[in-house]
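Take a look at the model below. We will walk through its aromatic pairs and then its helix packing.

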Amino acid sequence: MKILVIEDEPKAGEYLRTGLTESGYVVDLACNGKDGLHMAHEFRYDLILLDVMMPEMDGWDVMRQLDKSAGVPVLFLTARGTLEDKLKGLELGAEDYLVKPFSFAELLARIRVALRRGSQQRADDMLRIADLEIDVPKRRVVRGDQRITLTNKEFALLQFFVQNQGQVLSRSLIASRVWDMNFDSDTNVVDVAVRRLRQKIDEPFAKRLIQTVHGVGYRCEAEA
C-alpha cells in the first residue's frame, strides 16, 4: 500500500514517514500543497494524508483540486479541530478528519479502516461478468477489446443486471429499480430496452450474457 503525506512541517512529515514505513507502508512525502497536488495527479496512491494549514496552497484547495474519480481516500491531519473545520473537510470529500496531536496507533487504525473502505469502493466501481467490464464512475463499458456505447438508461439497465448476476429479475423489479417507477403489467418498455441492450452487448459476441426466463423476466449470467 502506497501513502502520500502532504505536510509542510518537516518534523511532523518525517515522523509520519518513518512511522508509516516501519508499519509496512510505502510513503512519499510532499512538503507543500502544490507539490502534493502534483504528486497526487502524477502517481497512484492508495491513501493521502493531508495537512490543512500550509503556505501558498492549503489543504482545502488541494482537496478541491484532487481527482475525485480516482477514488483515493483522504485523511485530514490538522490542528484545526473546530466542528466547522471538521464538517468542511468531510463536505469536501475527505474520508476522515484527525486533529493534532493524535495517537499514532489511532492514526494507523483509521488508515486501515479507510483503506478497507477504499478497496470496497473501487471494487464496486468496477463490475465484471465474463469478458465484459463496466467502469461505473467513468461510465465506460468494454467487452473483450471492444468499447460499447450505451445510452444512460441502457447503462443503468446493464449495471443493474451485472450487480445482480445469476439472479432471476422480474420485469416489475427491473422497472422499479432502473426507471424508478411502476409500469402497467402490459407495458413492454422493459422488453424493448432489454432487446436494444442485447443488440449492443450480446449479438456481436459468441456468448450471450442476458438470458430470458420465460414468464418471469431476465437473468444475467455467462452462457455456458
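The paragraphs below go from ring pairs to helix contacts.

This is a predicted model: local features need pLDDT of at least 70, side-chain atom pairs count only at pLDDT 80 or more, and totals for chains, interfaces and linings use all residues. Residues are numbered from 1 along each chain as its sequence is written, and side-chain values use heavy atoms, with hydrogens and water left out.

Start with the rings. A pair of aromatic rings is described by the distance of the centres and the angle of the planes. Here, rings of Phe, Tyr and Trp (its six-membered ring) pair if their centres lie within 6.5 Å; planes under 30 degrees apart count as stacked, over 60 as edge-to-face and the rest as tilted. The structure has four aromatic pairs. In one of them, Tyr15 and Phe104 have ring centres 5.7 Å apart and planes at 70°, so they sit edge-to-face. Tyr15 belongs to helix H1 (residues 10-22) and Phe104 to helix H5 (residues 104-125), so the pair ties together parts 89 residues apart in sequence. Helices (H or I, at least four residues) and strands (E, at least two) are DSSP runs, numbered from the N terminus. Phe104 is buried, at 17% relative accessible area, whereas Tyr15 is partly exposed, at 47%. Buried means under 20% relative accessible area, exposed over 50%, and partly exposed in between (1.4 Å probe, protein chains only).

Next come Phe161 and Tyr218. Their ring centres are 6.4 Å apart and their planes at 75°, so this pair is edge-to-face. Phe161 lies in helix H6 (residues 152-163) and Tyr218 in strand E12 (residues 217-220), so the pair ties together parts 57 residues apart in sequence. Phe161 is buried at 0% relative accessibility, and Tyr218 is buried at 4%. Elsewhere, Trp60, Phe76 and Tyr97 form one aromatic cluster.

Now follow Phe161 into the helix packing. Which residues of H8 does H6 meet? Glu154, Leu157, Leu158 and Phe161 in H6 meet Ala193, Val194, Arg196, Leu197, Lys200 and Ile201 in H8. Contact means heavy atoms within 4.5 Å. The residues of this contact of H6 with H8 divide into seven nonpolar, no polar and three charged. Ala, Val, Leu, Ile, Met, Phe, Trp, Tyr, Cys and Pro count as nonpolar, Asp, Glu, Lys and Arg as charged, and the others, Gly among them, as polar.

Lys153, Ala156, Leu157, Phe160 and Phe161 in H6 meet Leu173, Ile174, Arg177 and Val178 in H7.
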